[in-house]
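Welcome! Take a moment to look over the sequence and the model, and then we can walk through a few places together.

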Amino acid sequence: MNNIQKEQDTTVKIYREFFVHAEAEIKKQLNSLKDSKYCTNCRNCCKIRYLEFSPQELKKQGKNEFLQIFLPLGAKNENDLVDLRTNQLEAINVDKEYVLRVIENSSQDCWFYTCKYYQNGSCKKAMEKPFYCYSYPLNICNVLHKNCGFIQWQKTALSKLENEIAKDIWERIQNISKYKQEFSCSCCATCCKLACSEFSYEKLKEKAQNGDKFAKQFTSIFLPYKNEKDAYKIYGEYIDYLRETLGENEKVYFYYCPKNKNNLCTDYENRPEICKEFPTNPLMILPKSCGYKAWQEETHTATLLLHALVEIVDFYMKKLKKQIKNN
């Protein structure tokens with residue numbers, strides 16, 4: 001295994017670890033906002049609730065406690081096997097609006113259950129309150145009944161994500177960006193002589209015509225090399241590094257700026273934003289000769305963590321907004 005592959009594998013491993021830990025931390029913060037006072041005792045979660053697991057799957061997972069309390073709709077008793085279609089049709093007869101919302105919002109098959117002890121609007125085990133009752137809802141992104149008090153939990157969590165967590169992440173990203181000012185361009189001109197993109201020149205032109213700001217700036221300055229051999233003559237070691245880092249299946253197109261002479265820009269004052277802001281983040285692949293390489297290496301790990309946090313927070317925000325809107 002070469003050094004590039006080792007570097008790639010290490011980065012992927014670090015990112016996965018960050019993602020798992022970051023998600024656990026976000027969940028912990030959101031779960032801390034849950035308050036039993038939100039429960040309005042509407043009993044809808046007793047009458048009907050859903051899981052993305054069939055009764056057979058629950059048994060395999062050893063979740064017999066749940067099946068001792070909840071019976072899949074359509075089944076006459078806990079040993080009665082019921083198919084998904086029968087289960088969902090029976091659930092629709094109980095609460096059509098709720099069931100259709102659940103099915104629409106789930107990427108997996110959903111099974112619907114009812115509490116064996118729920119009768120005529122009351123619970124025979126109200127004094128005992130089993131775990132699956134007092135802990136409901138287990139997931140903050142669950143589709144809730146329209147009059148469920150825990151919708152307020154979702155609203156509180158969304159507010160925290162938008163006004164605290166997301167802002168904190170953005171500030172840290174900005175601090176990394178500001179730290180770049182401590183470094184300076186080494187005038188290696190690699191970004192001028194070997195600009196690269198995953199898109200061909202024709203595709204970039206098309207994107208520019210469709211309003212893509214980056215593509216518009218890029219095509220206003222850079223021209224494509226006739227072939228990769230010409231690009232390779234400029235800085236073959238960097239191209240090899242790119243190829244090994246991105247992988248053989250990743251197509252890369254190389255471009256050059258005609259305004260570059262002797263590693264300096266002949267129209268420096270009028271250079272576009274994409275040149276002024278380069279490099280935009282520490283996850284870009286920079287050559288060893290770049291003056292910002294040290295900045296990239298110092299902030300790369302922190303950026304991976306922030307990138308993981310952005311993905312997780314964005315996921316929860318989109319989910320919660322959709323659930324709240326539907327309610």
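Predicted model: local features only at pLDDT ≥ 70, side-chain atom pairs only at ≥ 80, totals over all residues.

From H9, Tyr201, Leu204, Lys205, Lys207 and Ala208 are in contact with Ala215, Lys216, Phe218 and Thr219 of H10. Sorted by class, the residues of this contact are 5 nonpolar, 1 polar and 3 charged. You can find H9 at residues 201–209 and H10 at residues 213–221; their axes come within 7 Å and cross at roughly 125°. The two helices are therefore oblique to each other, and their crossing is left-handed.

Now turn to another pair, helix H7 and helix H13. H7 covers residues 151–179, and it packs against H13 at an angle of about 160°, with the axes 10 Å apart. Because of that angle, H7 is roughly antiparallel to H13. The contact between H7 and H13 is made up of 19 nonpolar, 4 polar and 5 charged residues. Here, too, you can look at the handedness: H7 passes H13 in a left-handed crossing.

H13 also leads us to our last stop, a pocket. Helix H13 (293–326) is one of the elements that give two or more residues to the lining of the second largest pocket, along with helix H1 (3–31), strand S1 (49–51) and helix H5 (84–105). The volume of this pocket is about 790 Å³.

Terms used. Residues numbered from 1 in each chain as written. Heavy atoms only, no water. Axes fitted to C-alpha atoms, helices over the stretch in contact; angles between N-to-C directions. Helix = DSSP H or I, 4+ residues; strand = E, 2+ residues; numbered from the N terminus. Parallel < 35°, antiparallel > 145°, perpendicular 65-115°, else oblique. Left-handed = near helix turned anticlockwise from the far one by under 90°. Contact = heavy atoms within 4.5 Å. Nonpolar A, V, L, I, M, F, W, Y, C, P; charged D, E, K, R; others polar. 1 Å grid on protein atoms, 1.4 Å probe; cavity = no way out; pocket = protein on both sides within 12 Å on 5 of 7 lines; lining within 4 Å. Points joined across faces, edges and corners; volume = space filled by probe spheres on them.
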